[in-house]
Amino acid sequence: MMKRYIAGALAAAAGCVMLLSTIHTEILQQKIAGKILRFHVLANSDSGQDQALKLKVRDAVGSFLAEPLAQADSMADSERIVEEQIPEIERVAGQVVAEEGYAYRVDASLEQCAFPEKSYGAYTFPAGEYQALRVVIGEGKGHNWWCVMYPNLCFSGSMYEVDEQSGEKLQAELTGEEYAAVIRSGDYQVQFGILKFLNRVLE
């Protein structure tokens, strides 16, 4: 009886801890989201041809934006540059689509987008709403590609690979707690540890 009582109390306490952890994670995500700009490219479909086209559009847009974004020293600067370049982004992407023999429409916009948890190199960004340059090819029903435009994890060093300089820029932009949240999934480790402990108690 006593063992059951203790287990129940521990389960209730664990539930409270996990709820607080979830709330904390959501607040942390919102803080992180306010400091980064993402790049999101959606393919027309999941066919091999459409997925290959998506990557060519990605490369063309990335090459086009690399130089102007190199001048940005804040998220506000990056947003302004991207917004000013929307017509050119659509032109560059549309040109690639046409050269590859497709007639897909390309739409580019700077908007709030819902992202699932995503990893890029050593970094994992929590699920939630983020500001992003969204490039949609055709119907936009295929698998997407994404990265972080500011701080720049997309276009420095070897394109689309996070190098040491890129990681330093991200670390400089985020607080210590925010950086720790993207470099490791600490909250999930805490919750998993609690569940393992409860399982041992209930055995």
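## Salt bridges within helices

In this predicted model, E88 is partly exposed, because its relative accessibility is 31%, and the side chain of E88 meets that of R91 in a salt bridge with an N to O distance of 2.9 Å. R91 likewise counts as partly exposed, with a relative accessible area of 42%. Because E88 and R91 stand three residues apart in helix α4 (residues 86–99), about one helical turn separates them.

Salt bridges that share partners also join D77, R80 and E84 into one network. Within it, D77 and R80 form a salt bridge whose closest N and O atoms are 3.7 Å apart, and both residues lie in helix α3 (residues 75–84), three residues apart.

## A salt bridge across the chain

The structure holds eight salt bridges, and one of them joins K35 to E178, with the closest N and O atoms 2.9 Å apart. This pair links distant parts of the chain, since K35 lies in the loop between α1 (2–33) and β1 whereas E178 belongs to helix α6 (residues 176–183), 143 residues apart. K35 is partly exposed at 22% relative accessibility, while E178 is buried at 3%.

## An enclosed strand and the core

Six of the seven residues of strand β6 (residues 144–150) are buried, so this strand is largely enclosed by the rest of the structure. Strand β1 (residues 37–42) pairs with β6 in the antiparallel sense over six bridges, and L37 has Y150 as its bridge partner in β6.

The largest nonpolar core has 48 residues, and F39, F125 and L133 have the most contacts inside it. Beyond its neighbours within four places in sequence, F125 is in contact with several residues, including I32, W146 and V148.

Methods
Residues are numbered from 1 along each chain as its sequence is written. This is a predicted model: local features need pLDDT of at least 70, side-chain atom pairs count only at pLDDT 80 or more; totals for chains, interfaces and linings use all residues. Side-chain values use heavy atoms; hydrogens and water are left out. Buried means under 20% relative accessible area, exposed over 50%, partly exposed in between (1.4 Å probe, protein chains only). Helices (H or I, at least four residues) and strands (E, at least two) are DSSP runs, numbered from the N terminus. Two strands pair if DSSP finds at least two bridges between them. A nonpolar core is a set of buried Ala, Val, Leu, Ile, Met, Phe, Trp, Tyr and Cys residues joined through side-chain atoms within 4.5 Å. Contact means heavy atoms within 4.5 Å. A salt bridge is a side-chain nitrogen of Lys or Arg within 4 Å of a carboxyl oxygen of Asp or Glu.
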